[in-house]
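Here's a quick briefing to read with the model open beside you. Take a look around first, then come back for the details.

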Amino acid sequence: MLFSKNKAWVKQTLLALSTVAASFSAHSALDMSDATSRSVSEYIAILPSAEQKKVDAYHKMIGNHLNQNFSIVRTVRILTSHYPQDVQEILLAAYQHHPKQLNVISRAVIRSEAALTSDVLDTALSVAPDDYTQIIRMAIKAEPAYIDDIVAVAAQHQPNHLEEIVRVAITVEPDLSGSVIYSAANNSPNGFLDAVVNVFASIPESTSNLFYAVKDFFIGQEKVEQPNQLRANPEQWQRFLTIAKAQGVTKQEMQWLQKQGYITEEQLAQAYSSSSN
């Protein structure tokens with residue numbers, strides 16, 4: 001009898017805890033939804049009046065579609081296919097209707113209209129800047145062929161978080177490291193090398209892909225008439241050498257750095273003085 005009572009008590013306790021957890025989860029989701037709604041409204045408020053009127057018009061149009069049992073995904077696909085020039089206004093109106101589905105809505109447009117990827121990302125990052133890693137990941141998975149544009153737009157919105165942008169991009173699509181490096185270098189010539197070095201250290205399995213992506217980028221820069229004016233200093237190159245070597249890059253592979261004058265022969269010899277490579 002005592003066991004039966006204890007069992008019933010445990011069951012009631014677990015049920016109560018699950019109810020509290022569900023309530024907390026719903027409350028958190030509501031908070032996120034409210035925050036996105038406020039951010040969207042604030043962003044719309046600073047748009048020119050002509051664009052605000054378009055947002056209002058699309059908001060009503062989307063509402064009519066939803067009342068006819070169209071899904072929000074189908075609705076934005078239809079509208080952006082017919083009015084691609086108004087993709088920002090369509091997205092903002094859609095976010096107003098379903099703020100919790102910002103990523104779902106954005107993904108739907110990218111997958112159906114890949115050429116609008118940069119515009120979609122620009123709009124999403126403008127209204128949800130704190131969610132930039134999730135948005136970048138979503139965009140790359142939806143349309144990896146546009147990874148260079150995605151990195152470029154993300155770097156413009158979050159210039160102080162280039163390392164995280166590169167890390168997310170490389171993690172999602174390691175085979176496209178070359179495009180990631182090219183885009184990062186062109187959009188943040190001061191900080192891209194530090195970002196790459198930090199990714200070396202945090203994702204060791206990316207070292208080979210990133211090393212050759214950096215090498216190919218600089219080899220390519222030597223062949224163009226107006227190369228990107230990268231401003232990596234000797235200390236940055238020394239750190240690049242040290243971390244790359246620690247992650248398994250051989251002395252022979254690193255010799256291109258010395259041949260191109262990025263590091264000295266002495267630096268290379270010292271880095272590998274206790275190594276057989």
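What share of the 277 residues in the protein chain do buried residues make up? The figure is 39%. Keep in mind that this is a predicted model.

**The chain as a whole**

- Take the contacts in the protein chain between residues at least 6 apart in sequence: 69% of them join residues at least 24 apart.
- The largest nonpolar core has 79 residues. Within that core, L92, Y95, F192, F240 and M254 touch the most other members.
- As background, nonpolar side chains in soluble globular proteins tend to be buried together.

**Helix α5 with α7**

- Helix α5 covers residues 102-112 and helix α7 covers residues 132-142. Their axes come within 9 Å and cross at roughly 30°.
- That angle is under 35 degrees, so α5 counts as roughly parallel to α7.
- When α5 passes α7, the crossing is right-handed.
- On the α5 side, the residues that meet α7 are L102, N103, S106, R107, I110 and R111. They meet Q134, I135, M138, A139 and A142 of α7.
- Sort the residues of this α5 and α7 contact by class and you get six nonpolar, three polar and two charged.

**Helix α5 with α6**

- Helix α6 takes in residues 117-127. The axes of α5 and α6 come within 9 Å and cross at roughly 170°.
- This time the angle is over 145 degrees, which means that α5 is roughly antiparallel to α6.
- The α5 and α6 crossing is right-handed.
- L102, S106, V109 and I110 are what α5 brings to this meeting, while α6 brings T117, V120, A124 and V127.
- The contact of α5 with α6 has six nonpolar residues, two polar ones and no charged ones.

**Helix α3 with α5**

- How far apart are the axes where α3 and α5 pack? They are 9 Å apart, and the packing angle is about 45°.
- That makes α3 oblique to α5.
- The crossing is right-handed here, with α3 passing α5.
- From α3, the contact uses I72, V73, V76, R77 and T80. From α5, the partners are V104, I105, A108, V109 and S112.
- By class, this contact of α3 with α5 has seven nonpolar, two polar and one charged residues.

- You'll find Y95 in helix α4, which spans residues 87-97.
- Is Y95 buried or exposed? Its relative accessibility is 0%, so Y95 counts as buried.
- Skip the neighbours within four places in sequence, and Y95 is in contact with V40, L102, I105, S106, V120, T123, A124 and V127.
- Y95 and V127 are 32 residues apart in sequence, yet their C-alpha atoms are 9.4 Å apart in space.

**M254 and L241**

- M254 touches F211, F240, L241, A244, V249, L268 and Y272, if you don't count residues up to four places away in sequence.
- L241 sits in helix α13, residues 234-246.
- With 0% relative accessibility, L241 counts as buried.
- L241 touches M254, I263, Q267, L268, A271 and Y272, again not counting residues up to four places away in sequence.

**Two loop residues**

- Where does Q158 sit? Its place is in the loop between α8 (147-157) and α9 (162-172).
- Q158 has 13% relative accessibility, and under 20% is the cut-off for buried, so Q158 counts as buried.
- Leaving out neighbours within four places in sequence, Q158 is in contact with P129, Y132 and I165.
- N69 lies in the loop between α2 (49-67) and α3 (72-82).
- With a relative accessible area of 73%, N69 is exposed.
- The phi angle of N69 is near 70°, a positive value in a residue other than glycine.

Technical notes
Residues numbered from 1 in each chain as written. Predicted model: local features only at pLDDT ≥ 70, side-chain atom pairs only at ≥ 80, totals over all residues. Heavy atoms only, no water. Axes fitted to C-alpha atoms, helices over the stretch in contact; angles between N-to-C directions. Helix = DSSP H or I, 4+ residues; strand = E, 2+ residues; numbered from the N terminus. Parallel < 35°, antiparallel > 145°, perpendicular 65-115°, else oblique. Left-handed = near helix turned anticlockwise from the far one by under 90°. Contact = heavy atoms within 4.5 Å. Nonpolar A, V, L, I, M, F, W, Y, C, P; charged D, E, K, R; others polar. Buried < 20%, exposed > 50% of the residue type's maximum accessible area, 1.4 Å probe, protein only. Core = buried A, V, L, I, M, F, W, Y, C linked by side-chain atoms within 4.5 Å.
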